[in-house]
Amino acid sequence: MDRDSRLYRYIYEFYVTRIQSGYYIKGDAIPSIHEISETFGVSDKTTRRMLRQLKEDGFISSGSGRSSVVIKDFSNEDHADFCRTYYLAHKDAALELQCLRRSFLSSILFPAFCRLPADQREKLSQYLSRVRRWDFRAFIDFFCTVLDSLGNPLLASLFTESTMFGHLSDLYLMTDASYSDFYFDRLAKYMEDLLTCHAAEDFGGIKRLLDQISQLRAEKLRKNLEASYAGTGQPVPDPVPFRWYITKGRIERRSFTAQILLHRILCRQYQPGEFLPSVSQLAEEFSVAEITIRRSLSLLVSFNAVKTLNGKGTMVLDIVNQQAMQFSQSEECQKELLLSLEAFQVLALTAGSISSVFFPDIPADTLAFYAEQMRECVHQEDCYRHYRTCFDLFYAMGNSALSEVCSQLMWQTLWPISCRSLWLTPGETASIMKVLLRSLEERDAKLFSRASSRLFLRTFQTVRKGLIDGGVKEAAHVAWIEETEEWPPE
């Protein structure tokens, strides 16, 4: 199956799932051709093909000059039947996401509310009235609008993907018919209280409400999922892991291939002065077209990671020791750097709260192993291994959903890490590494939380300033995050 066919099928299933689960209901307009194409990084031709299939299958109506509207009418029982199969298959992912949301929800929403302009409250009130009419999508739109104040679409994406699992299953799998009234009344009350606190500039009240919203409902969710499926006589579906797609389509594939090669260069799997495998060899290894590899290499050239020599091939450059790394003004390069900045902002906002929840469960022998890794980082002043060790520690925290999120963010942060001009100063890097090492040696969750938060916060601030100074104007729209605690800790 060629790439366009896989993309077309993926996007088709994306919208079918949202219609069947009740995210879009009869009468709702789905995004425009332009919005879908931009979201998934595909051509309008691919999007039109997908919409035609949705129309032929009776999910939407569409016509020239008007929006595509959902016409398939599912009852609550229909949604429940779909959710029984879909959410039970995703049960493990749903439970992991519930735990993950508890650790990061307040971290990203609280600073967003603090920055929210007063003139946005009227728009948010409109979402509130829709929730009272049982419109679940308005609940998502409410908080995504709040997150817009931080200038980072990754935050809205992460919030949406992690929220839909728990809330939709909670809504449709309850057997009590009166539960829907209670459910939407509860959501509306939270939203109303948040707006009241924002109008009164009661940010302490906002923080308390967000903490309440993010409380775990994992056991209830587990019981709902399993009880709703019991007695159906159907085999339990195979578990489906959580997948968070930061970018979609052609751009993702070219970028992801380039990121793997960049990772190998940073790890010295390819030494400076060596030549990369040929285009045909790389195309065979990654199972992509040669044009995709050429685009990947072009992206690496724009970051001065490699150099193409006519008749010889692609030579690896010593990016780690380049003192004055300059990035290209090409659209592709700037797009990758902006996405990297957004990834660092996610980490700056969430690293501390996530690590404080999950760090205590890391086994002692695992901490000892990574402490030794960190000692080598301190001794060698190895910036890249410093970041990689921190990411590996997040992977070791035992939550698959967290590992998935960190994996996606790690690949995006490679671009600034390869640009020495965007690094922290050696003295600051050493200071953070030493505190991280102490936190591992002493198994101190609070200290590790402080140090990891500091690492990603200061990196975010440094990268943001460097990109703005380097002409990436869009970087100014990503909100500055302030330091909240003194450094270094006592």
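Start inside the protein: the lining of the largest cavity has 12 nonpolar residues, 1 polar and no charged. Here Ala, Val, Leu, Ile, Met, Phe, Trp, Tyr, Cys and Pro count as nonpolar, Asp, Glu, Lys and Arg as charged, and the others, Gly among them, as polar. Keep in mind that this is a predicted model, where local features need pLDDT of at least 70 and side-chain atom pairs count only at pLDDT 80 or more, while totals for chains, interfaces and linings use all residues. Residues are numbered from 1 along each chain as its sequence is written, and side-chain values use heavy atoms, with hydrogens and water left out.

**The cavities**

The structure has 2 cavities of 30 Å³ or more, and the largest one holds about 70 Å³ of space. Its lining is made of 13 residues, and Thr 350, Ile 354, Leu 402, Val 405 and Leu 409 sit closest to the centre. A cavity is a set of points, on a 1 Å grid over the protein atoms alone, where a 1.4 Å probe fits but cannot get out; lining residues have an atom within 4 Å of a point. Points are joined across faces, edges and corners, and the volume is the space filled by probe spheres set on them. Helices H5 (91-115), H15 (331-358) and H18 (400-418) each give two or more residues to this lining, and H15 gives the most, with 5.

**The whole chain**

The chain has 20 helices and 4 strands; these are DSSP runs numbered from the N terminus, with helices (H or I) at least four residues and strands (E) at least two. Of its 490 residues, 52% are buried. Buried means under 20% relative accessible area, exposed over 50%, and partly exposed in between (1.4 Å probe, protein chains only).

Trp 487 and Pro 488 are joined by a cis peptide bond, with omega about 0 degrees; Pro 488 is in the segment after helix H20 (445-469).

| Residue | Phi | Relative accessibility |
|---|---|---|
| Ser 287 | about 55 degrees | 62%, exposed |
| Asn 304 | about 55 degrees | 30%, partly exposed |

Ser 287 is in the loop between H13 (279-286) and H14 (290-302), and Asn 304 is in the loop between H14 and strand S3 (306-309).

How many disulfides does the structure hold? There are 0, a disulfide being a pair of cysteine sulfur atoms within 2.5 Å. Take Cys 377: its closest cysteine sulfur, in Cys 390, is 8.2 Å away, so that's too far for a bond. Cys 377 is buried, at 0% relative accessibility, while Cys 114 is partly exposed at 35%.

Technical notes
1 Å grid on protein atoms, 1.4 Å probe; cavity = no way out; pocket = protein on both sides within 12 Å on 5 of 7 lines; lining within 4 Å.
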